[in-house]
Amino acid sequence: MTEKIAVLGAGSWGTALALVLADNRHDVFLWTENEERVNEINMTHMNSRYLPNIKLPENITSTTSLEEALVDVGVVVLAVPTKAIREVAAEVVKAATTPVTIVHVSKGIEPDSLLRISEMIEQEIPANVLRDVVVLSGPSHAEEVSLRHPTTVTVSSKSSEAAGKIQDLFMNQHFRVYTNPDIIGVEIGGALKNIIALAAGISDGIGYGDNAKAALITRGLAEIARLGTKMGANPLTFSGLAGIGDLIVTCTSVHSRNWRAGNMLGKGQNLAEVLENMGMVVEGVRTTKAAHQLSAKYDVQMPITNALYNILFKQQDPKKAVDELMARVKKHELEDLINVLGAKQDELL
Ligand SMILES: NC(=O)C1=CN([C@@H]2O[C@H](COP(=O)(O)OP(=O)(O)OC[C@H]3O[C@@H](n4cnc5c(N)ncnc54)[C@H](O)[C@@H]3O)[C@@H](O)[C@H]2O)C=CC1
Ligand SMILES: O=C(CO)COP(=O)(O)O
């Protein structure tokens, strides 16, 4: 059934998801504060700053008015960087005319509060306005989704009914949507893979090869699962789309903003220069700060995150950080898995 859907944020991801929903014949209202972008989308059906050369369907209407976007809308897709989530959620509270299901598609953790995005949304939007929160995550670069290349994602919510409804809204021939009830795992996997992607970019930028990158992906997954499980996630989620799936695509794709930023760092640019050059959100930087705090809070070893923290915030030389990672004390490879699975050591080692 066709319905009106609001997408808040006309960057790469908001625009690509608006295209998926419009392909499914929904009436999409794409909100951004940028008037020039609104005019370009409405007049030429292009968003050339974020998705050059992509013609957008005509049933996407862009607007700078949140009231116009939200009137009589039951599903709101939040597609802004993590640091803008609270601000935009607070605006939704003022403008919503009916209770809404929020679908968030952002990948981050808030430093200091250490909250996941669904938790931030629950804090900002009172229960009489917020019907449900659903997260949509997985290996999905906007550039490829907008070309209608095959893409798979997962949606998760405390409400299986809400997750099922969002699966139906987005699912089509090019965009396959799974459900997974583990909202903690889906949000943690999506957020933390950006840290490992920055590290993979740095490794490639230094000139290290595929062995190093495979090591980062594998041991990166081990530390994500170690933390996520302690936070209450299902360990199996990290073998799925929001875990290893997103880790692979973000560590290996030239589309990844996190990989690209890491690559520039590995080639010797400093962080401020890199972020200035990107012009798009590099979520992994703030998430590294949050994950570093989480590893202390939950007393979980996260050596790659720790190395990245030293590179980003203590100006450690990336090569020296790699040397230190390699020279750590000897370990048993399966130690992690045993902790993650809660299995009995003597049965598995
Ligand atoms: N680009 C991609 O392929 C994917 C991105 N994501 C996630 O989606 C989120 C958004 O990413 P992108 O669309 O790539 O970012 P982007 O940098 O392309 O666009 C962000 C949009 O948010 C808007 N924005 C920023 N701060 C705002 C504020 N305070 N109030 C209102 N609007 C604000 C910007 O104007 C811009 O339109 C991130 O968390 C990212 O990790 C997830 C999957 C894929
Ligand atoms: O999450 C993404 C792909 O699944 C996008 O990653 P980047 O933000 O690094 O581009």
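Analyst: First, a definition: Ala, Val, Leu, Ile, Met, Phe, Trp, Tyr, Cys and Pro count as nonpolar, Asp, Glu, Lys and Arg as charged, and the others, Gly among them, as polar. This is a predicted model, where local features need pLDDT of at least 70, side-chain atom pairs count only at pLDDT 80 or more, and totals for chains, interfaces and linings use all residues. Residues are numbered from 1 along each chain as its sequence is written, while chains are lettered from A and ligands numbered from 1 in the order in which they are written.

User: How many nonpolar, polar and charged residues does the shell around ligand 2 have?

Analyst: A residue belongs to a shell if its C-beta atom, placed from the backbone, lies within 6 Å of the molecule. For ligand 2, 14 residues qualify, and the closest are Ser140, Thr250, Ser256, Arg257 and Asn258. By class, they are three nonpolar, seven polar and four charged.

User: Which helix gives the most to the shell around ligand 2?

Analyst: Helices (H or I, at least four residues) and strands (E, at least two) are DSSP runs, numbered from the N terminus. Helix 8 (183–206), helix 10 (241–252) and helix 11 (257–266) each give two or more residues to the shell around ligand 2. The top contributor, with three residues, is helix 10.

User: How many residues of helix 10 are buried?

Analyst: Buried means 20 or more other C-beta atoms within 10 Å of a residue's own; exposed means 12 or fewer, partly exposed lies in between, and C-beta atoms are placed from the backbone. The buried residues of helix 10 include Leu241, Asp246 and Thr250. Helix 10 is mostly covered, and of its 12 residues the buried ones number 10.

User: Which elements do the buried residues of helix 10 pack against?

Analyst: Contact is the test here: two C-beta atoms, placed from the backbone, within 7 Å. Both strands and helices are on the list. They are strand 6, strand 7, strand 8 (175–179), helix 8, helix 9 (210–230) and helix 11.

User: Where does ligand 2 lie relative to domain 1 and domain 2?

Analyst: Domain bounds come from an automatic or database domain assignment. That assignment gives domain 1 (4–179) and domain 2 (189–342). Both give residues to the shell around ligand 2, so ligand 2 lies between them.

User: How many residues of domain 1 and of domain 2 take part in their contact?

Analyst: The C-alpha centres of the two domains lie 26 Å apart. The contact takes 21 residues from domain 1, and from domain 2 it takes 25 residues.

User: Which element gives the most to the side of domain 1 that touches domain 2?

Analyst: Helix 6 and strand 7 (151–157) each supply at least two residues of that side. With three residues, the leading one is strand 7.

User: Which helix gives the largest share of the shell around ligand 1?

Analyst: In this shell there are 27 residues, and the closest are Gly11, Trp13, Ala84, Ser106 and Ala142. Two elements give two or more: helix 1 (12–23) and helix 4 (85–95). The largest share, three residues, belongs to helix 1.

User: Where is Lys107, which the UniProt annotation "binding site" covers?

Analyst: The "binding site" annotation comes from an unreviewed UniProt entry and also covers Gly138, among others. UniProt positions are given in the numbering used here, feature names are shortened, and annotations may be inferred rather than shown by experiment. Lys107 is buried, because 26 other C-beta atoms lie within 10 Å. Its place is the loop between strand 5 (100–104) and helix 5 (117–124).

User: Is Gly138 buried or exposed?

Analyst: Gly138 lies in the loop between strand 6 (130–137) and helix 6 (142–145). Leaving aside neighbours within four places in sequence, its contacts include Thr152, Leu241 and Asp246. Because it has 24 C-beta neighbours inside 10 Å, Gly138 is buried.

User: How many bridges join strand 5 to strand 6?

Analyst: Two strands pair if DSSP finds at least two bridges between them. Strand 5 and strand 6 run parallel, and His104 stands opposite Val135 in strand 6. The number of bridges is five.
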